[in-house]
Structures are given as structure tokens and as C-alpha cells.
Amino acid sequence: MQSVKLNVGGHYFTTSLQTLTKDPNSMLAAMFSETFEMKPSEDGAFFIDRDGTHFRFILNYLRTGKLTSPEGEAALKELQEEAEFYQIEGLIEKLKVNSESLTSVKLNVGGHHFTTSLQTLTRDPNSMLAAMFSGKFPMEPHGDGAFFIDRDGTHFRFILNYLRTGKLTFPEGATALAEFKEEADFYQIQGILDELDDTRLKSEF
């Protein structure tokens with residue numbers, strides 16, 4: 001397998017010709033075919049005058065077909081811009097889906113207002129929230145842009161925080177805990193229900 005050294009805006013990479021030409025319709029495939037007369041620099045690396053900050057994500061996608069992306073909306077946009085320059089359609093599509101998953105969503109849960117991301121709401125794929133916001137339900141925002149859920153929103157922040165972090169914090173008091181369990185049961189978030197059951201069992205000993 002022929003290895004290729006690259007200098008992308010000062011960032012150095014080593015990959016294979018097979019990886020660079022994986023997408024035959026991409027700019028990289030064209031660069032390293034007979035279409036372009038690419039020649040290595042004195043250090044043996046082929047120079048590409050682009051920002052190489054996120055180029056490893058592009059290479060990893062070409063290697064595996066799987067998307068790993070930088071954290072943060074700004075970095076994601078930068079990677080998307082590079083993917084568009086290199087004309088890697090599969091990566092562009094995956095980034096588009098990933099970008100949409102970060103879209104903010106406004107909720108009105110029984111008069112309590114929250115703002116979260118679509119990614120958070122669909123974190124547990126078996127939950128009622130994932131079903132609500134994956135197209136299975138005809139959910140439409142109201143005039144204020146918020147999606148209305150006709151449930152008591154008193155403890156909904158605990159549900160959102162669990163989906164955001166995977167860590168559970170509890171409301172104080174037996175009554176509040178019972179109410180919270182009822183909401184977790186409605187939204188079918190098994191992780192919360194399991195932890196609440198564990199906490200109940202421990203309190204009995």
C-alpha cells in the first residue's frame with residue numbers, strides 16, 4: 001500500500017493513496033489522480049493550501065466510512081466547509097444530519113419553558129421524547145416557537161439534565177421524588193427508572 005505524506009496548511013499527515021482516492025468523485029481523488037499534476041515538496045509532503053485543523057476527521061471518514069467530529073458548533077461548521085471544498089458528498093450528508101441534531105428546541109411543558117437540543121431529546125432512542133421528536137408524532141411548534149407537552153414541568157429539568165449528562169440528580173422530598181418517577185415513567189426513560197429503583201432499594205436497608 002503506497003503511503004502519502006501531506007502538509008495541509010502546516011499540519012502533517014501520513015495516509016495511503018487508497019484512502020485519498022476512496023471517494024472517486026472527490027477533490028482529493030482528483031488531486032491524486034492524473035487530473036492534477038501534484039508534486040511533493042522538498043520534504044516529501046504534498047502541500048494543500050487549506051486549514052488542516054480538522055483534516056484528520058476527513059481522513060478518518062475516508063478510512064472507515066464513520067463520522068467523528070470536533071466538539072462545538074463553530075468547529076463543526078469549519079469541518080463542513082472543508083468537506084465541501086474536498087467535495088466528499090457522504091461526509092457532507094453526515095455532517096448535515098449531525099448539525100441538525102444540534103438544533104435548539106424550545107419546549108413548553110405544562111407552562112414551564114425549556115430550551116435544549118434535538119440531540120438531547122433523542123439521546124434515549126427508546127424514550128417517549130425520542131419518539132415525539134423523531135417524526136413518529138405530528139409535533140408542531142406553537143406561535144411562540146415552543147413545542148407544547150401537556151405534562152407537569154415542575155421536575156422536567158431533572159429529566160433534561162439526565163439526558164444531557166447521563167448523571168441523575170433528584171428533587172428533594174418523598175412527594176417530589178414520586179412525582180419525578182411518574183414523569184420518568186411517562187417519558188419511558190429506563191435509565192432514570194433504574195436509578196430510582198436502585199435508590200429506593202438502598203434506602204430500605
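Biologist: Which residue in β5 is the bridge partner of V109?
Modeller: H112 is the bridge partner of V109. Keep in mind that this is a predicted model.

Biologist: How many bridges join β4 to β5, and do they run parallel or antiparallel?
Modeller: Strand β4, residues 104-109, and strand β5, residues 112-117, are joined by six bridges and run antiparallel.

Biologist: And what sits between them?
Modeller: Two residues, in a hairpin formed by β4 and β5. G110 in that turn has a positive phi of about 60°.

Biologist: Switching to rings. How many aromatic pairs are there?
Modeller: The count is nine aromatic pairs. One of the pairs is F32 with F46: the ring centres are 5.2 Å apart and the planes are at 80°, so it is edge-to-face.

Biologist: What does that pair tie together?
Modeller: F32 is in the loop between α2 (27-31) and β3 (46-48), while F46 is in strand β3, so the pair links parts 14 residues apart in sequence.

Biologist: Are those two buried or exposed?
Modeller: F32 is buried, at 14% relative accessible area. F46 also counts as buried, at 16%.

Biologist: Which residues form a ring cluster?
Modeller: F13, F55, F85 and Y86 are linked into a cluster by ring pairs.

Biologist: Last one. Where does the charged end of R151 sit?
Modeller: Over the ring of F186, 4.0 Å from its centre. R56 lies over the face of F57, at 4.2 Å from the ring centre.

Methods
Residues numbered from 1 in each chain as written. Predicted model: local features only at pLDDT ≥ 70, side-chain atom pairs only at ≥ 80, totals over all residues. Heavy atoms only, no water. Phe/Tyr/Trp six-rings, centres within 6.5 Å; stacked < 30°, edge-to-face > 60°. Helix = DSSP H or I, 4+ residues; strand = E, 2+ residues; numbered from the N terminus. Buried < 20%, exposed > 50% of the residue type's maximum accessible area, 1.4 Å probe, protein only. Lys NZ or Arg CZ within 6 Å of the ring centre and 35° of its normal. Pairing = 2+ DSSP bridges.
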